[in-house]
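Reader: I have a model open and a few labels to question. Can we go through them one at a time?

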There are 4 protein chains.
Amino acid sequence: MNKRTDLALENVEMQPKTRTDGVRSLSQTQSGVRISAVTIYNEAGSAALGKPQGTYVTLELPDRLETAKTRAAAQTLLAQRLQRMLPARGTVLVVGLGNENITPDALGPKCVSLLFATRHITGELAKQAGFENLRAVAAIAPGVLGQTGMETAEIIESLVQRVKPQAVLVIDALASCRLTRLGTTIQLTDTGIAPGSGVGNRRVELSARTLGVPVVAIGVPTVVDATTLALDVLQANGVDQPQAPPLAQSNERLMMVTPKEVDLMMDRAAEVIAMGINRALQPDLSDEELRSIVK
Amino acid sequence: MNKRTDLALENVEMQPKTRTDGVRSLSQTQSGVRISAVTIYNEAGSAALGKPQGTYVTLELPDRLETAKTRAAAQTLLAQRLQRMLPARGTVLVVGLGNENITPDALGPKCVSLLFATRHITGELAKQAGFENLRAVAAIAPGVLGQTGMETAEIIESLVQRVKPQAVLVIDALASCRLTRLGTTIQLTDTGIAPGSGVGNRRVELSARTLGVPVVAIGVPTVVDATTLALDVLQANGVDQPQAPPLAQSNERLMMVTPKEVDLMMDRAAEVIAMGINRALQPDLSDEELRSIVK
Amino acid sequence: MNKRTDLALENVEMQPKTRTDGVRSLSQTQSGVRISAVTIYNEAGSAALGKPQGTYVTLELPDRLETAKTRAAAQTLLAQRLQRMLPARGTVLVVGLGNENITPDALGPKCVSLLFATRHITGELAKQAGFENLRAVAAIAPGVLGQTGMETAEIIESLVQRVKPQAVLVIDALASCRLTRLGTTIQLTDTGIAPGSGVGNRRVELSARTLGVPVVAIGVPTVVDATTLALDVLQANGVDQPQAPPLAQSNERLMMVTPKEVDLMMDRAAEVIAMGINRALQPDLSDEELRSIVK
Amino acid sequence: MNKRTDLALENVEMQPKTRTDGVRSLSQTQSGVRISAVTIYNEAGSAALGKPQGTYVTLELPDRLETAKTRAAAQTLLAQRLQRMLPARGTVLVVGLGNENITPDALGPKCVSLLFATRHITGELAKQAGFENLRAVAAIAPGVLGQTGMETAEIIESLVQRVKPQAVLVIDALASCRLTRLGTTIQLTDTGIAPGSGVGNRRVELSARTLGVPVVAIGVPTVVDATTLALDVLQANGVDQPQAPPLAQSNERLMMVTPKEVDLMMDRAAEVIAMGINRALQPDLSDEELRSIVK
């Protein structure tokens, strides 16, 4: 049965076999956070998981960013992993996907509003502000197709041609199979964005193939589709279900849900992601400096 | 198994017998809207459904208020039914329950912000404004216990003593068993609010017994708990489940979910409820007049 | 003395002579709205008014869009004038300038959120939706330099190269000399946006010269600088001031102010501008259809 | 000439004589903040300043709460002064006046949303949460007359009868004479709220006389009326104006303005006021604890 997920980790979990050809999966725990790295290294692995080749790092947090401790750990680990995936220097264009008017889809726009965009802070301006070693960061939340009439790919491709960044970093809200993963998981990948992913099931592909520069994507699952949720909850409660019948394509099948506390969940996720990015891109600035700049 | 619902209609549906002692249930369809009236008329009925005696009218809409046609029908039917339940004249105090910062819980505050509060428009002020037959309406969204440190009942009881309304009308977001009912159902009851109901599982009772005047409650389901949802989706998809084991009290059991499009759902529900109330309380004003006043 | 204004009409009013070489100014009144057309047709006129050559149409409304009558008149007149300035057919790219987090600067982003973006509604999608004669409209609110690290001109130039529109339509909040003009005036010009204009004193030029296609700009004044306001109020109250001393560059000199009711003013202005544009670009759709689409 | 102000300090400044009978005025500077205490101690002083007898403490900050240093100083000084004015123990009812939909009037509601309401955290709940010495705090933002149809005084009087606090603390946005004072000044007074004050020119009186318990009011000026501003700016720029003619009652006379950056100004003022109150009322909790609770 087809469970909708944007997390490579969940694709691995759904595999009947413990080992899949072309897929390597490792995990460790650090500061209470389980860090998994799934690497898809050939076409067989890509076909088995239904995802492009590359590395998918997942941070599974002990709570939904409710404690200061979890937020600090998430931010630090995200910054470290991000630095490993991005080129060491050069302009980074950050793209926040999603519709700011749909709360569980607004991760990208919310993050962008908390980023320290620096590309214009050069020369005299930088000197006066006491910023002389800033890495150049550009950032945009372009909106979604229904708002702009333009495919996000069109917008980003034309900006890449103009801004000529060393790398693109895309932020998007994701779908997961498991309710417990919403707001508690961060996925980081060097494969960019594949068509059909994200809360809005976006049509866009944003990858090194389409943009010509490395594309790193960061996502947090914020929705789960109702049928996937149903199966997951039942299993978690020990309800056996040996021969699953083909599920009807009911409306509920297509309905995506999000936790009641979606507003708080989004605010916390956006802050941690944005501060993790700020820290990764401006390692010379302290957390406090970054916080006071972007507020 | 215990399914969480604030809709009397769903309590009836969950009964194993087609007829429950002390409960009368009728339904009809008008303008595409199924209108059900459940009357609980003795203690046996009250015990069977776990709800106070009184009448519960439910409007089941053909869509989630997406079409202008559905919105118009809902507004008209709500205004009619409300007029039947409220006393014909005298001050009405409208209370919007819920936390405005939690989107699926914000029905009450959102409605109150769209109401035409008129109690202060008297004498010269009324004459100048051309309003001489306004019914007195007071309105408040008091916030929730965690925000105010005061039980909502304390706040409302003291206001009732001061304002001395003829009736109190309470608006609250509800829990339902079925995902398809979220944002598509309106419940109207002359029993007021029972403890433990609402999205926030509020402890408050607001009823004729506690307030000394008739209390009418209007609600729209906006959340469903994950386990209830799971069972509902599985059943809708033909998954048989003969002997349900006792569900574990997992975290998911307690997690309430709401549709991804919660923002739009809330805006539409709030507008229809508020305009239905405005129309019921100011029958001399046209819809257009009301709309231009409250905007 | 230098009064800060983005309205050509006010530049004309400030001229000591009743006639300025190279400037033609006409006005008429229609539906209670005073419509002025200032045409700058040579370099002398351009130098005298400090504005590029072209036509500046100003609608002065009888109130701050408080009445339904004024809103309807403004919308109709704006749509008519806009149709005259824009090419008769072909894709239009609408750009909403400004910072959505600064209320008096948020005209552009607010308008864009109410526009009917249609460029992607083609082929089967258009047929199914019953839209077969839509004019292609793309829309974006790119944010400001401090948010994106990219000059707005960079973003728009690269989108123009990609989308290849027949015309660009820019919306921006403006500065005026007179408090009474805030929220009551709409300026429409075929000269685009000049550097140093707008609430944010943006550095961007967006014109036929820089973009290679006709650029029409729509603006509403929402701020006035404190010194300009001071002189204006004093004069309106009959305080004579024959030899104005050179004003000190105090902080107040640089402080821009907006009316207390700025939220309502912005909402109303954005709705009228957006609906005027929607109507001008989709003349086959009724106002009601447009309203239900963009809501 | 009549300048509109809610600051006792400005009433003093406007007095032609350096000393007014019945008024004592002292000032000192601490951490870069000028602290003035105006005491009106008899009827002559009250008549001269047009304000009730009592003490008015004003904090004049070196900037508009832009720097972390100023925010910290303001918070500390506010907490200290507040502790002196409030009774040492007993329940405090905090009331946030104003309309949350009008940005410069939303100080009260914004502050209330950042307060730590504790009155319900008692017994087992308090023990479990590790809070055993909390001072009881209740808080409400009741909305304005046009929203509720109830005078704020009616609402607060009935809540005081019910909650029986030891003191009431009222927060409101104020009018000032001087643009430079907006967002840079905090006034604290033991006289409560006088009719006709506040951004909304509220009709309410909230004082020991009407409520029967001490009433402390905290306010920040956020608006200035245009004529007052005009005179102030002209004087600051050295424009002499020996015989001011009677100002016409033009519309501008009545128009209140606020800085362009009103959103940021309000957010910062609300945070400082709320944290100052939290600290004054819960001296056993650290700033960090308070911050993590109310966020």
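Author: Start with D:T222, which lies in strand β8 (residues 215-225) of chain D. Strands here are DSSP runs of E with at least two residues, and helices are runs of H or I with at least four, numbered from the N terminus. This is a predicted model, in which local features need pLDDT of at least 70, side-chain atom pairs count only at pLDDT 80 or more, and totals for chains, interfaces and linings use all residues. Residues are numbered from 1 along each chain as its sequence is written, chains are lettered from A and ligands numbered from 1 in the order in which they are written, and side-chain values use heavy atoms, with hydrogens and water left out.

Reader: Why is D:T222 called buried?

Author: Buried means under 20% relative accessible area, exposed means over 50%, and partly exposed lies in between (1.4 Å probe, protein chains only). D:T222 has 1%, so it is buried.

Reader: Which residues is D:T222 in contact with, leaving aside its neighbours within four places in sequence?

Author: Contact means heavy atoms within 4.5 Å. The partners of D:T222 include D:P104, D:A173, D:L174, D:V257 and D:M266.

Reader: What span should helix α7 (residues 152-163) of chain B have?

Author: The expected span is 1.5 Å times one less than the number of residues. For the 12 residues of α7(B) that gives 16 Å; the end C-alpha atoms are 16 Å apart, so the two agree.

Reader: What makes α7(B) "mostly covered"?

Author: In α7(B), 10 of the 12 residues are buried. Among them are B:T152, B:I155, B:L159 and B:V163. After the helix comes B:K164, with a positive phi near 50 degrees.

Reader: At what angle do α3(C) and helix α11 (residues 262-281) of chain C pack?

Author: The angle is about 45 degrees, and the axes are 8 Å apart. Angles under 35 degrees count as roughly parallel, over 145 as roughly antiparallel, 65 to 115 as roughly perpendicular, and the rest as oblique. Therefore α3(C) is oblique to α11(C). Axes are lines fitted to C-alpha atoms, for helices over the stretch in contact, and angles run from 0 to 180 degrees between N-to-C directions.

Reader: Which residues of α3(C) meet α11(C)?

Author: They include C:R71, C:A74, C:L78 and C:L82 in α3(C), and the α11(C) side includes C:R268, C:V272 and C:G276.

Reader: How confident is the predictor in chain A?

Author: pLDDT is its confidence in each residue, from 0 to 100. Chain A averages 91, and 93% of the residues score at least 70. Over residues 242-253 of chain A, pLDDT stays under 50.
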